[in-house]
Structures are given as C-alpha cells and as structure tokens.
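The sequence and the structure come first.

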Amino acid sequence: MRIDLSGIWQATDVLGEQARAGRPGYVAAGWKAAPVPGYFSEVDNLAGTPGRLLFRRAFRLDAPPAPGTAARLVLEGVAGEARVWCNGNLAGEQRGSYIPRSYDVARHLVGGENVVMVEVTGPGATAGLVREVALELLPGPAPERLLLQATPHGLHGGQAASAAVDFDLAFTAAGASGLEWTATVAPATFAGDPVTLAGSGRVHRGWNRVHGRLAFNDPRLWWTWDQGQADLYRFTLELRTAGGAAERVERLFGVRTVELRDWTCFLNGRRLFVRGTAYGPADLRQAVVTADRLSEDLDRVREANLNALWVQGLIAQAALYEEASRRGMLIWQEVPADLTGAEDAATLADRLGAWPAVALWQLPAAAAQESGQRLAGRIASLWNRPRQAAALAEGLKDVDPTRTCLSGVAESGRFRADEGVRKLPEKAKFVSEVGPPAFPSLAHSRRFVSGEWPDLNWEHLGAERLQRELPVSLAQSLAQYVAASQAYQAFEVRHIIEHFRRRKYRPCGGLMLARFADGEPAISTALLDYWREPKAAFAAAASALRPVNIFAQWPQSGYAPGTPVVLDVTLVNDRPDRYRGDWSWAVVRDGQALAGGIYPAELEPDGIVNREAAIDWTVPDGVRPGGVELVLTLALKDLAEPVVTRYLFDILPSS
C-alpha cells in the first residue's frame with residue numbers, strides 16, 4: 001500500500017524545533033502552510049528565509065504496521081540537503097540529486113497520529129521538497145533494488161537470433177520463511193507469447209537476493225524512431241512467502257545494444273548518426289514539471305527530427321525516460337555531481353538501468369558544483385571529486401557493464417561547435433554546444449526584460465556572448481534586436497548542422513544542439529523559450545536535421561554577371577533504407593527558373609553521396625540585380641514527399 005503524503009505541509013524558519021515538533025501532539029503555532037511538492041518561495045512570509053526550513057506533516061494510521069510489514073518513507077526528490085525524522089526519530093539524510101530516496105520507518109510508526117519532518121537546507125528560494133513524498137507499507141518481501149539487463153545475441157542485419165534477460169533483485173524480509181518466485185517476460189507494445197521462469201528457496205531476516213536469466217528466441221529489437229520500431233517488453237517478478245504474503249515488481253525494458261566507438265554510435269551493431277540536443281530541467285521549479293509537460297517537450301523533440309537527448313543537471317522524472325523509450329529516443333544521462341560511489345551507482349542502475357533509451361552515463365567535470373559552500377567545503381570538494389568520480393565510474397561499470405561511462409573532461413575528438421568548425425575535417429569526431437543564444441519573441445522578452453532600448457537590464461540578462469557576437473548598435477529598438485538575434489541563431493544553427501552532416505563519419509559521428517528548451521525565462525541557446533514558443537532556429541534545425549536530406553555548399557552572398565557559381569552538393573541518408581529517385585537544382589526568381597538541372601539519385605542505407613561541382617552555372621549578362629533562391633529538391637521513391645532545401649544569394653550589378 002502506498003500512502004501519498006504530498007499536499008499541504010507546515011513550515012517554519014525557527015530552528016531547534018526538531019526534538020519537539022517532530023513528535024505527535026505538537027501544536028505547530030506560527031508555522032506556515034507549505035505546498036509539497038514546492039519551494040521555499042511558495043511559503044508565505046518565509047520566502048526570503050536564507051538557507052534552511054523545517055517542513056512538517058502529520059497523518060494517521062489505524063494501527064502500527066503489523067509484524068513483518070516493511071514501512072518506507074519515500075522522498076521522490078529534494079532540492080538541497082535534507083535530514084528526515086519520523087515521530088522524532090532521525091531516519092536519515094540525503095543530498096538533492098533528484099533521485100528518490102527511501103527510509104525504513106517501520107519501528108517508528110504508531111497507531112493514530114504520526115509525524116514526518118524534513119529539514120531542508122539549500123540555495124534560498126529554489127530549495128524545497130520538489131517531488132512527491134509517500135509512505136509505502138509492504139506486508140511481504142520488500143523489494144529494494146532491481147538490476148535488469150537485456151542482451152541480444154546473434155545480431156545480424158538488424159535482427160537478433162535470441163535474447164537473454166538477467167535479473168537480480170535485492171529485497172528485505174522481516175523473518176525467515178519459504179519463498180516461491182515467478183519471473184515473466186512478455187511483449188508490452190506488440191502481441192506475443194510470454195516466457196516464464198520459476199524458482200523457490202528460503203529467505204532470511206534482513207537482506208536477500210533472487211536472481212536468474214530468461215532466454216527467448218527471435219526478439220524484437222528496440223530502435224530509435226528513425227531506424228525502426230521502439231518495441232518494449234515487460235518484466236514481472238512475483239515473490240510469495242510461505243505465510244501467503246506476496247510482492248510484485250515490474251519494469252518495462254527493451255532489447256538492444258548501444259556502443260560508442262571513437263565517438264561514433266552503434267545501435268544494435270548498426271552505425272547511427274546522432275542528431276541530439278542538450279536537455280536541462282524542463283523547469284527550474286521541478287515541483288511544477290508534470291508528465292504531460294515532458295511528453296509535450298518530447299513531441300517537439302521529434303518534430304525537430306532529433307534522435308537523442310543529453311539530459312543535464314539532474315535525474316529527471318520517470319515519465320521522461322519512459323516516454324523517450326516508447327518514442328525511440330536515446331538519452332545520454334549526465335550524472336549529478338553529488339552522486340559519488342558504488343551505492344549511488346547501484347541506485348542509478350535500479351532507477352534507470354532498464355530503460356532502453358538510456359544509452360550512456362556522462363560524469364560531470366571534476367570541480368565543486370554547488371554555490372554557497374564555505375571555502376573549506378569547496379577545497380574538500382575539489383580535492384575529493386576526482387576520487388569520487390572514479391569510484392562512481394567503477395561502480396557503474398560493475399552494476400551496468402552494458403553502458404559506456406564518459407568522464408566530464410573533454411575527451412579527444414569531442415569539441416564545442418566553434419572549435420570543431422575550425423578543426424575539421426581531421427579532428428572533430430563529435431560536436432556539442434551547437435548554436436548561439438537569442439532572445440525569445442518580443443512579447444515574451446518583455447515579460448522579463450526591463451528598461452528602454454538600448455539601456456536594458458543587461459547585467460541581469462546574461463547576454464554577454466550575444467552582445468559580443470551581435471553588437472547592440474546594429475538595432476534601433478528591442479524589436480529589431482530580438483528579430484536580429486533570432487535570425488542570427490537560425491542561420492548559425494543551420495549552417496553548423498549542415499557543415500557537420502556533410503562530413504558524416506568523416507570523422508563526425510554526431511552533434512548536440514546547445515539547448516532544446518528553457519527552464520526559466522532567459523536569453524539563451526534554446527530552440528524553445530520558457531513558454532515553449534519556438535524561436536526561428538527551431539524550424540531551421542528541424543529542416544537541417546531531416547534524416548534524409550540534401551545540402552549544397554553554401555553560396556557566396558552575391559555573384560556578378562559573368563561569375564561562375566560552382567557548388568558541391570551532398571545527399572545524406574541516416575535511415576536504414578535504400579532510396580532511388582532524382583535530385584535537382586534551380587536558381588529561382590519570382591517563381592521562374594533562371595537555370596537548373598536534374599540528375600539521378602541513389603542513396604545506400606546510412607549513406608552519403610558527395611557531388612563535387614554538381615552545380616556549375618555562370619551568371620549571364622543582362623540578369624536583373626537582386627535576390628534569388630537556389631532550390632535543391634530530392635525526390636525519392638518510398639519517401640512520402642520531396643525534400644526541399646533553399647539558399648538565398650544576390651545577383652550583383654554589372655561592374
């Protein structure tokens with residue numbers, strides 16, 4: 001049974017109350033109403049309290065837990081550090097990594113009124129109990145941690161001959177007993193027969209384990225959306241003690257392999273060009289992030305033709321990993337800086353290890369990650385972080401050997417976009433931080449930008465990079481600057497994406513946009529602003545990231561009559577299908593073609609075709625000066641509609 005303890009709690013900034021306030025019968029006079037999930041900033045008259053609040057919640061049980069019943073207090077997520085009490089007894093402590101933590105409180109619970117109290121310490125108004133709190137009462141075996149790994153065997157041609165599902169469940173029991181268990185693997189997204197495995201044995205008071213392997217033939221593999229179907233299976237493990245108590249554990253999972261070989265990704269042995277984006281918190285106020293909001297974000301990720309997310313800064317809600325797994329999107333999971341050793345590694349593997357979307361672990365840089373630390377704390381963090389990161393990496397390798405674990409240091413071959421452009425073609429094997437910052441729409445900018453142009457509240461906007469790259473003097477108003485910043489971002493995003501996709505596997509194995517969506521009102525590199533309105537760069541990225549595409553070498557800004565326009569053309573196919581058809585080019589003005597050509601096209605699976613000097617046209621005399629479009633069209637059989645890419649340039653006056 002799960003008792004939801006979220007809702008309205010009580011809070012105070014008067015410290016030293018733990019001994020009395022944590023017990024039943026205490027009258028919380030002067031305490032303020034506090035929403036959970038919620039933040040310091042949402043507590044009336046305490047929003048400005050720096051650093052620490054006490055949260056209290058009373059609830060009733062008809063009777064204390066029966067002998068043999070496990071009782072766990074679960075905190076799904078804390079922003080800050082927390083100390084947890086149950087009926088005045090210290091249950092444990094944690095740091096806020098947004099990983100759910102549970103505390104054994106069975107011996108502290110009583111019939112009638114019970115009290116949970118949490119002391120939260122954190123960075124001002126953004127600290128708090130930001131995800132759900134619940135009490136779990138488990139009359140039978142109490143599952144603590146499940147490690148689940150599905151491995152395909154005999155991979156060939158996008159199929160596998162068989163698969164093995166290894167499971168290892170750690171659980172606790174209140175006493176010795178006989179045990180019977182049944183493990184089942186059944187299709188979750190398609191029809192098929194289940195596979196079962198049964199066993200029996202004895203359990204002992206305290207910690208126990210059940211482990212085994214289920215094997216089956218002809219598994220359906222899990223693919224990203226641009227490679228195939230994201231088929232899922234459901235694993236179920238039922239435990240039954242001799243006394244009749246039972247418990248059930250379930251996980252969705254997929255059968256797949258993911259490898260990163262010299263910055264090229266291989267999914268089920270098939271090479272995959274990564275078209276990804278950094279994805280930070282959907283909202284810095286984690287308490288307001290819902291499953292629907294995460295689902296809507298993933299709809300837009302798919303619309304942008306992205307197949308991977310680099311989840312940064314936190315462990316997101318479970319809905320993100322489930323929806324990404326169902327939709328066929330890879331996740332590169334950055335590990336929060338406060339996770340440090342083997343125990344945290346096992347917790348990560350338990351919470352995220354079964355999701356096929358989670359492709360690899362990314363460890364943060366070896367530096368202090370928190371603000372507000374004392375100098376000694378910062379020095380200790382800097383001193384210990386490399387050792388902690390190494391322990392975490394070793395722990396992840398032990399409990400999850402199927403995934404690559406990347407360090408936070410810039411590995412050879414990976415560059416930021418601006419570095420990679422300079423160092424191509426021989427060094428940039430993977431490119432991240434693609435795209436400059438831009439303002440959101442004018443209406444949305446006015447919601448957090450103050451002042452009269454050009455004297456805005458620049459010191460609070462964090463727009464130094466944008467001001468360097470796009471001088472404020474270029475615009476006469478905020479409206480002009482907003483439009484200019486979005487046009488600049490769209491151009492740079494498209495240009496960089498095309499630049500690297502034309503060099504697919506030579507040596508670039510993929511790219512990551514700098515940010516997909518804002519978690520707060522900001523001038524940023526995100527494609528979607530905080531209110532989820534797309535910037536101009538969203539459409540530019542979506543077009544350049546189409547799995548099947550056609551690009552030209554970027555034309556000059558203008559050509560005079562008598563000047564040759566000689567451009568290379570690249571046809572790229574990230575899908576596993578073979579395509580045939582034709583491609584064409586045309587220089588167009590006012591709907592009329594000034595020149596053009598049409599040629600046969602054949603694209604191999606995951607292929608790329610480079611045509612040198614495929615466009616070769618000399619601007620004739622007598623052509624009226626002005627703007628024209630270079631229109632490339634790729635028309636392929638079995639492709640729903642032609643792919644069209646456009647470039648603008650000018651015909652210059654005769655000299």
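## Terms and basis

Two strands count as paired if DSSP finds at least two bridges between them. Strands (E, at least two residues) and helices (H or I, at least four) are DSSP runs, numbered from the N terminus.

The model is predicted, so local features need pLDDT of at least 70 and side-chain atom pairs count only at pLDDT 80 or more, while totals for chains, interfaces and linings use all residues. Residues are numbered from 1 along each chain as its sequence is written, and side-chain values use heavy atoms, with hydrogens and water left out.

## A five-stranded sheet

An open sheet with mixed pairing is formed by five strands, in the order E36-E42-E41-E38-E39. Its edges are strand E36 (558-559) and strand E39 (592-603); each has a single partner strand, so one side of each is left without a neighbour in the sheet.

Within this sheet, E41 (residues 626-636) pairs with E42 (residues 643-651) over nine bridges, in the antiparallel sense. Val 628 stands opposite Phe 649 in E42.

## Confidence

pLDDT is the predictor's confidence in each residue, from 0 to 100. Its average over the chain is 91, and 94% of the residues score at least 70. Over residues 366-383 pLDDT stays under 50, and the model has 13 contacts (heavy atoms within 4.5 Å) for them beyond four places in sequence. Where pLDDT is low, the predicted coordinates should not be read in detail.

## The chain as a whole

The chain has 42 strands and 11 helices. Along the principal axes, the C-alpha atoms fill a box of roughly 95 × 65 × 40 Å.

Of the 655 residues, 55% are buried, that is, under 20% relative accessible area with a 1.4 Å probe, protein chains only. Among contacts with a separation of 6 or more, 72% join residues 24 or more positions apart.

## Gln 317

Gln 317 lies in the loop between strand E24 (308-311) and helix H3 (318-327). Is this residue buried or exposed (over 50%)? Gln 317 is buried, because its relative accessible area is 15%.

Not counting residues up to four places away in sequence, Gln 317 touches Arg 131, Gln 286, Val 289 and Leu 294.
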